[in-house]
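Hi everyone, thanks for making the time this morning. Let me put the structure up, and then we'll walk through how its parts touch one another.

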Amino acid sequence: MTRGERQNLIKGLRFTFPWILGLLLFVLYPVLASLYYSLTNFNVFLKPVFIGLENYKNLFEDTLFWTTTSNTLFYAIIALPLSMVCALGIAILLNQPVKMRSVFRTIFFLPSLVPLVALAILWLWIFNGQYGILNFALRKILLPLGLDAPNWIGDPRFTKPALILMGLWGVGGSVVIYLAALQDVPAHLYEAAEIDGAGALVKFRHVTLPLISPVIYFNFVMGIIGTLQIFAVPYVMFQRGPANSTYFYSMYIYDNAFKYLKMGYASALAWIMFLLIFLLTLVATRISRSRIYYGGEQ
Amino acid sequence: MFFQFWRKNGVIPMEQNNKNTPSRRFITFKRISIAGLAVLFILFFRYVLVPGFRVDFFPGQLFSDQSDGRIRLEYWEQWTGFEGAAMQKVVDQFNASQNRIRVVKQTISDVNQRFLVAVSGNTPPDISSIYYVSIPSYAEKGALLNLDTLAKEYNIKEEDYLPVFRRMCTYKGHLYALPTTASTLALHYNKKLFREAGLDPEKPPRTLLELDRMAEKLTQYDEHGRIKVMGFSPSEPGWWPQIWGSWFGGDIWDYRETLTVNSEAYIKAMDWAQGYAKKYGVDHLQTFQSGFGNFSSPQNPFLSGLVAMELQGVWMHNFIEKYKPDLEYGVAPFPSAIPGLENVSMVETDILVIPSNAPHPKEAFEFLAFTQRQEILEQLCLDHRKFTPLTRVSPEFWAKHPNKYIRIFYALARSPHAAIYPLLPIFNVINDELGSTYTQIWLLKKNPREALNDLQANLEGEWKKEKAMIEQREKKAR
């Protein structure tokens, strides 16, 4: 390191030190503390008592742990691909040269600006089994067939699908990201493909997809993290839901920590969640490594 | 200093400072912004980082405990609206009654949660209202002040209270709280629907069998065979699914050591509740119930005549008066399931506690003792439209009370079969698990016996773990 470099480093550190301090104090310390607490019995009022891996052992015998885990995975496995496909589809449509394109873009982005809690309350009314607008429409189709519309809120078979359906309401955020990526695809590549005789599908498969693959990957990883941590909407709409059908992992952590005052157990739960997300992200990165094209790389 | 450093290192262009502004004015933009930042910083610490922060604009109270020479006590209360105003009235009366202590009432939402954070962070309020079922959990963890000696000193006598309230405020033989406004649950029924169904509106059901039969008569269907009006449902409002066992002589525990949620009484109760789901069709009932409006609105199913009979608390009167004052309704003790086991109800009460690390426990208790005077409690309960936990009640209280059925609710609290939630440190777990077991039974996912046996096994495990923790703690303390 030359003198200039060292001075630069010191200068840089001086400017970033408030942020670094914040990271150490408000992120790193709590994270490490939770690791320690996960090895203890801790109820906030009294000093934590070290119990080794007891909390982690108890996890595996806890039926609610398995219920909440499977609920969360079920939700993630269906909601994530569905919302990604929808977001990409909408982005492609919004990228077509049509009249009033920016108006459409605004309309599709608007719902993701609605606060989650307001959204949840609104959808409770849409899903209302008796008077909900969704079932009003469904009954027009289903009743002549001799079927009744589902009870979205009260029937454990339909609560998770209801949440997944609702989740599509908020794809606006990822649509914008896809849209930015789509606009970045150089037009001359399409032109070249057209000269080679490629149709719309071939162009999409061999030009668009490779070029936006980093963005798909980004949305996928963020999606894994987001869906596995689902909390606010089911918490407001259903709490645990009929027969625990909408009892998700983060809600279980919350209940253990703040309702049952089992901070140690809740920390252990949180760490398992962290490991799960970490592993899934790792797997996603490994699998996609050879399939992502970064324009900047040689 | 900082700016000099920046200047030296060229972050702020030298020439700008040296050439263009040679004059050294005292008030510069920079200084103003530094001062502004400093003020913001202080405010941030005062209001955001300090738990139990308060936003009011009396500087005297802001920075000192004894601005007017009085000891200032912070009192956390969860009630807002007319109930909050009723409590404020008591606080004002107390502050006027002496000149040594000033109680300041703060409205705190989710008070159980905040209480926990504040006490463990050693910045507790002096007095707080918490949910009474938290007493065992908080007392076990040393968060509540034992009030035994203070109660004796201020002449608060056990025998002044109805037995059920003594039980609610005591844990392991020690007093931890004092009750304020009390409530019980009773059957509310719609007289107009009774008449339409050909029933005598002055004769509410007395036994569960009668209730079931009347419910059948009161239930109406539309042309598609869907339920239009429901006579009665054990799941409406469904707030206390765990207490049906009390009607069959069961309890969640034996008041010593053992949990008894899979007792025959509980199984019978759940069988009875599940009977409704089977008889009317669980899908029908669920769809019907999903159409109900918000509880606190004119679309409340009882107020809008969608449900003819309901188990509800003393507060129902307030909602009827607010949203549907012309509703013709009656109140009676909820029908008995077993001959001889009459006047079963569940009792609840608001309570006041003092945190174990409160700075002025004695002064705080002086306020608590003040609230327990008969005339003060009666005034408070009148304003809350509930009843008092005391054995003695003045005739004026009954005369002035806006709820004409108030005596029924009070009688239920006096009944030997008045039930309360189990005073166990793991109450929250029990409550949640019982609730979700109930939905499984209601949705016909499990038969009651099997479901309750599973629950018992599950809760016993939890209880064993908790007991081991308590023992460990007690050993350490010794």
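Before I start on domains, one definition: the domain bounds I'll quote come from an automatic or database domain assignment. And please keep in mind that this is a predicted model.

So, chain B. Chain B is split into domain 1, residues 59-176 + 353-414, and domain 2, residues 184-347 + 423-469. How far apart do the C-alpha centres of these two domains of chain B lie? They are 31 Å apart. Where the domains of chain B meet, domain 1 contributes 16 residues and domain 2 contributes 15 residues. On the domain 1 side, the elements giving two or more residues are helix H7 (135-140) and helix H19 (406-414) of chain B. That side of domain 1 of chain B has 11 nonpolar, two polar and three charged residues.

Now to a helix pair, H20 (residues 427-442) and H21 (residues 448-477) of chain B. Their axes come within 10 Å and cross at roughly 165°. An angle over 145 degrees counts as roughly antiparallel, so that is what H20(B) is to H21(B). The crossing of these two helices of chain B is right-handed. Among the residues that meet are B:Ile430, B:Leu434 and B:Ile441 from H20(B), with B:Leu452, B:Leu455 and B:Leu459 from H21(B).

Last, the two chains. Chain A puts 23 residues into the contact and chain B puts in 25 residues. The chain A side has 12 nonpolar, eight polar and three charged residues.

Methods
Residues are numbered from 1 along each chain as its sequence is written. Chains are lettered from A and ligands numbered from 1 in the order in which they are written. This is a predicted model: local features need pLDDT of at least 70, side-chain atom pairs count only at pLDDT 80 or more; totals for chains, interfaces and linings use all residues. Two residues are in contact if their C-beta atoms, placed from the backbone, lie within 7 Å. Helices (H or I, at least four residues) and strands (E, at least two) are DSSP runs, numbered from the N terminus. Ala, Val, Leu, Ile, Met, Phe, Trp, Tyr, Cys and Pro count as nonpolar, Asp, Glu, Lys and Arg as charged, and the others, Gly among them, as polar. Axes are lines fitted to C-alpha atoms, for helices over the stretch in contact, and angles run from 0 to 180 degrees between N-to-C directions. Angles under 35 degrees count as roughly parallel, over 145 as roughly antiparallel, 65 to 115 as roughly perpendicular and the rest as oblique. A crossing is left-handed if the near helix is turned anticlockwise from the far one by less than a right angle, and right-handed if clockwise.
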